[in-house]
Amino acid sequence: MNQESLFGTEGEKKLPGPVECLGMIFESDEARRAHFNEQLREKLKDPEFRSIEGFPIGTDEAILELSDPPYYTACPNPWLNEFIEFWELEKESNKEGIRKEPFAADVSEGKSDPIYNSHPYHTKVPPKAIQHYVEHYTSPGEIILDFTSGTGMTGRAVQQTSVNDTDTPNRKAILCDLSPIATWISYGINNLFNKSQADSLFNFFEGLLEKLDSHYVIEYKSQKRKLLYLVWSDIFICPSCEEEYVFWDLAINQDSGTINDTYFCNHCSSKISKSKSSVSTTAEFDFALGEVSHVGKKAPVIAVFQNGSRNERHLLSTEDREYFSKLNYPEISDVPRERIDKDFDIWFDRDYRKYGIYSIDKFFTNRALCILSEYKETLKGMGYPFYHFGMWMLTAVIRDCSLMTGLDIKKYFHGGGGPFSGGVKGTYFIPSLAVEKNVVFALRNRVKTISKAFLENAKPVDNSIITTQSASDLSRIQSSSIDYIFVDPPFGSNFIYSELNLISECWLGVKTHDDKEAVIHRRRKQSKTNSDYQSLMKDCFSQAYRLLKPGKWITVEFSNTKAAIWNSLQSSLSDAGFIVASVSALDKKQKSFKAVTTTTAVKQDLVISAYKPDVDFERKFDKGNCCEESAWEFVENHLNYLSVVRFSDGELTFIPERDPRILFDQVISYYVRNNLKVPLSSQQFQFGLTERFVSRDGMVFSPEQIIEYDKARSTSHSVKQYSIFVDDEASAIEWMRQELGSKPKTYSEIHPLFLNELSGWKKNELELELSTLLDQNFLKYDGKDDVPSQIHTYLSTNFKDMRGLDKSDPKLVAKAKDRWYVPDPNKAADLEKVRLRALLKEFESYKAEKKKIKQPRAEALRAGFNSAWESQDFQTILDISAKIPPAVLQEDEKLLMFYDNALTLTTTEDDEW
């Protein structure tokens with residue numbers, strides 16, 4: 001097929017021109033691409049260029065064929081700095097100045113966006129959700145980076161935001177990902193369909209598909225029919241009589257439309273099951289292995305044909321099954337045959353050897369391979385941009401065209417939508433009732449679905465630049481050149497992207513180089529642990545810190561069910577130099593597969609807002625100066641980056657980041673991560689806050705900020721507290737502080753509430769009695785002196801007969817006696833001293849312990865690690881860390897911080913020695 005056969009006239013097949021790129025004028029888009037392609041070809045010859053971390057696996061020709069330089073390259077993009085310099089020249093000055101408050105509102109956006117759904121991928125954030133952050137943190141013309149960009153939703157959000165940038169430069173996006181299929185999808189969404197030839201791209205496609213339609217016209221029952229899909233059933237061997245049986249024939253109850261777990265053999269009548277049966281195989285020559293192998297046998301059991309506007313279903317007889325099996329096309333040579341069986345223990349999470357599946361091509365029927373191969377070869381003759389458009393459509397349907405598509409029995413028998421199951425997300429899985437879809441039909445449906453979405457949203461702007469490489473090496477981008485970063489990083493071990501992307505990338509001819517993939521996986525060729533994940537993410541965040549302009553923000557969207565992964569991410573972010581200012585929720589409005597079936601799954605994604613300290617702060621904060629005043633400089637600067645007022649569902653809400661204890665944690669974190677001694681104790685800090693700043697509703701404000709807060713507070717009856725998940729000592733204390741802060745209670749009142757709130761203590765941490773927690777952290781009124789103001793305020797406000805009574809009134813004293821309450825700052829400091837002595841005493845017992853400590857007290861570890869840090873006794877931190885369960889360390893951000901920095905300093909000292 002040539003281009004002339006698709007378009008009626010010569011004029012229709014020409015691409016519009018001229019076009020401008022990086023200040024240069026080209027006669028057409030084809031000329032632009034040809035110019036930069038030659039430059040990229042020369043770059044690919046440079047060994048140093050190919051040594052960039054994460055450089056994908058593929059030939060020069062395969063990389064050039066996919067790339068659309070300088071906007072998108074299927075390898076590291078050499079033009080990033082040129083674009084940054086060009087964009088800076090056309091940028092207006094930022095009239096709003098640096099924004100010093102995090103976007104802390106909880107965001108809820110659904111996944112109904114047609115562009116979001118245009119191409120499948122394992123994880124995405126809706127662009128409308130990202131758009132809230134882009135609009136808050138940036139001004140028109142500014143540059144946004146997403147260094148684990150996936151399918152480019154950040155780029156799409158930037159484009160949607162730019163619609164409002166009238167008479168100003170559009171915001172710009174730099175999108176980076178390790179995976180070639182991810183950047184390929186991103187290219188289609190952000191660049192390919194936004195060009196002025198969008199109409200031509202969609203019109204050309206139908207002509208190509210018409211040619212391939214003939215492959216599905218089948219002579220059946222003396223009539224030519226168009227096959228829509230064929231259902232293939234596994235064939236098993238009965239464990240009792242060792243005769244073959246077709247799974248569909250025995251397991252399906254057609255009356256009820258269900259699959260039976262057990263059933264009776266049609267040969268020996270034994271009660272059997274799929275799990276106890278073996279796979280029946282047949283000998284075939286395997287091109288990937290280069291030898292004969294035994295492949296699992298399947299039988300076609302259902303054929304569905306298109307008859308006008310309706311479909312015809314046919315259950316196939318024994319003779320029909322034989323006929324349709326023979327229709328299966330012969331082997332095709334030009335298809336991906338990459339091996340997957342080099343070591344099943346470190347590759348896919350399912351062992352397919354019993355089915356004889358050793359390579360990528362075995363996930364498809366021979367007929368599908370034949371048609372896909374012809375489709376791709378035809379596209380190669382079309383050239384740019386038609387090849388790019390057609391291959392983008394192919395990768396959008398490739399999983400659906402594989403045997404991983406299953407038959408949804410419930411829908412097949414009872415209706416309710418298409419009778420297909422997309423398979424198990426996040427894994428390779430071939431069901432026992434696999435569906436072979438009509439490839440042409442799948443492609444045609446896909447283009448119909450997305451054409452309207454893209455044509456309605458197409459804009460003649462190129463404001464997204466895409467690079468394929470590891471974010472751990474962005475050294476070729478100039479420092480302090482990025483205005484804002486939004487990133488949705490890999491979630492630990494949730495998805496192993498390089499494995500899941502292998503099929504799509506094999507069809508593209510360019511694959512992920514996974515050495516720098518930030519995942520946790522014990523089965524990988526190079527197994528990666530929590531520490532490896534944290535180290536890789538720190539490398540990425542360190543690059544991001546270098547690239548971000550001072551005083552600017554990074555937003556990290558993250559979801560993981562494991563506390564250790566969450567702490568690894570936060571630690572790597574802080575280790576890179578960022579200071580966390582807010583953690584909020586992002587509700588995608590649609591639960592993932594695991595969120596539906598696993599009780600521990602995270603129902604909402606968390607969003608971290610962090611900043612890179614501005615130049616003035618760095619100048620004020622002399623890192624060689626550890627005096628107390630430097631700590632107050634830090635607090636004053638940090639308060640300026642925090643939300644002053646926060647609302648949730650119309651209610652004024654407590655801001656945890658303004659809690660005095662969290663502020664002190666931030667001070668400790670900043671000093672420790674910069675290898676400095678903390679210049680003041682917790683007691684000194686709490687007392688100093690009352691002298692230098694203003695406290696309201698348990699939060700700390702600067703004198704300038706309190707005016708804004710008091711104005712908002714005057715219109716609100718109360719301040720909504722944030723919910724606390726009680727599962728250890730720290731969270732229990734925080735929960736009680738909330739409870740007793742608003743209502744001083746007796747032990748008998750708080751005990752049932754505490755038991756109801758307790759969600760189960762962490763198994764590796766020492767569980768404390770409620771009485772111990774109260775004794776060491778709160779005060780109880782004994783009735784001997786005047787009623788404390790905290791209790792007096794509560795009683796006089798909530799009980800009419802207590803109003804107007806003096807603090808020494810016997811009636812008030814009797815009502816107040818034995819109530820526990822939160823101490824004021826002065827008495828809290830005294831109480832903290834007593835508690836600290838007890839914690840350090842317990843820590844000393846850990847130092848003397850020679851055996852492993854199965855259930856340490858985390859608060860004692862924190863106090864002890866802090867004390868050891870102050871005395872520069874790094875070895876004690878390492879020694880104690882070796883005695884406690886790894887989970888205790890990995891799931892506690894403070895302990896992990898002390899350990900990581902102690903380990904770094906000890907290693908450095910050893911190296912120097």
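Predicted model: local features only at pLDDT ≥ 70, side-chain atom pairs only at ≥ 80, totals over all residues.
Is Ser222 buried or exposed in this model? Ser222 has a relative accessibility of 72%, so it counts as exposed.

Okay, the overview. We have a protein chain of 913 residues, and 55% of them are buried. In secondary structure, that chain comes to 34 helices and 31 strands. If you take the contacts with a separation of 6 or more, 75% of them come from residues 24 or more positions apart.

How about confidence? The pLDDT averages 83 over the chain, and 84% of the residues score at least 70.

Ser222 sits in the loop between E6 and E7, and Lys221 lies in the loop between strand E6, 217-220, and strand E7, 223-237. Lys221 counts as exposed too, because its relative accessibility is 55% and the cut-off for exposed is over 50%.

While we're on the backbone, let's do the cis peptides. One runs from Pro69 to Pro70, with omega near 5°. Pro70 is in the loop between helix H3, residues 60-66, and helix H4, residues 80-90. Another cis bond joins Tyr384 and Pro385, and there omega is about 0°. For Pro385, look in the loop between H11 and helix H12, which covers 386-397.

Now to the inside. Which residues have the most contacts inside the largest nonpolar core? Those are Phe147 and Phe541, in a core of 219 residues. Go to Phe541 and look around: leaving out residues up to four places away in sequence, Phe541 touches Phe147 itself, plus Val487, Ile554, Val556, Leu569, Ser572, Leu573, Ala576 and Phe578. Apart from that core lies another one, of 17 residues, with Ile724, Ala732, Trp761 and Leu768 among them.

Helix H5, residues 127-137, is one to click on as well. This helix is mostly covered, with eight of its 11 residues buried. The buried set is Pro127, Ala129, Ile130, Gln131, Tyr133, Val134, His136 and Tyr137.

Ser293 is in strand E15, residues 291-296, and with a relative accessible area of 5% Ser293 is buried, because the cut-off is under 20%. Its C-alpha is 5.6 Å from that of Ala283, 10 residues away along the chain. Beyond its neighbours up to four places away, Ser293 touches Thr282, Ala283, Glu284, Asp286 and Tyr358.

Asp286 turns up again at Gly356. Gly356 is in the loop between helix H10, 318-327, and helix H11, 366-382, and its relative accessible area is 0%, so it is buried. Gly356 and Asp286 are 70 residues apart along the chain, yet their C-alpha atoms are separated by 9.2 Å.

Then Asn501, in the loop between helix H15, 497-500, and helix H16, 502-508. Asn501 is buried at a relative accessible area of 2%. Its contacts beyond four places in sequence are Tyr121, His122, Ser179, Ile181 and Tyr428.

Last stop, a helix pair. How do H21 and H23 cross? H21 is 628-639 and H23 is 682-692; their axes come within 12 Å and cross at roughly 60°. The crossing is right-handed. From H21 you have Glu628, Glu629, Trp632 and Val635, and they meet Gln684, Phe685, Gly688, Leu689 and Arg692 from H23. By type, the residues in that contact divide into four nonpolar, two polar and three charged.

That's my tour.

Key: Residues numbered from 1 in each chain as written. Heavy atoms only, no water. Axes fitted to C-alpha atoms, helices over the stretch in contact; angles between N-to-C directions. Helix = DSSP H or I, 4+ residues; strand = E, 2+ residues; numbered from the N terminus. Left-handed = near helix turned anticlockwise from the far one by under 90°. Contact = heavy atoms within 4.5 Å. Nonpolar A, V, L, I, M, F, W, Y, C, P; charged D, E, K, R; others polar. Buried < 20%, exposed > 50% of the residue type's maximum accessible area, 1.4 Å probe, protein only. Core = buried A, V, L, I, M, F, W, Y, C linked by side-chain atoms within 4.5 Å. pLDDT = per-residue confidence, 0-100.
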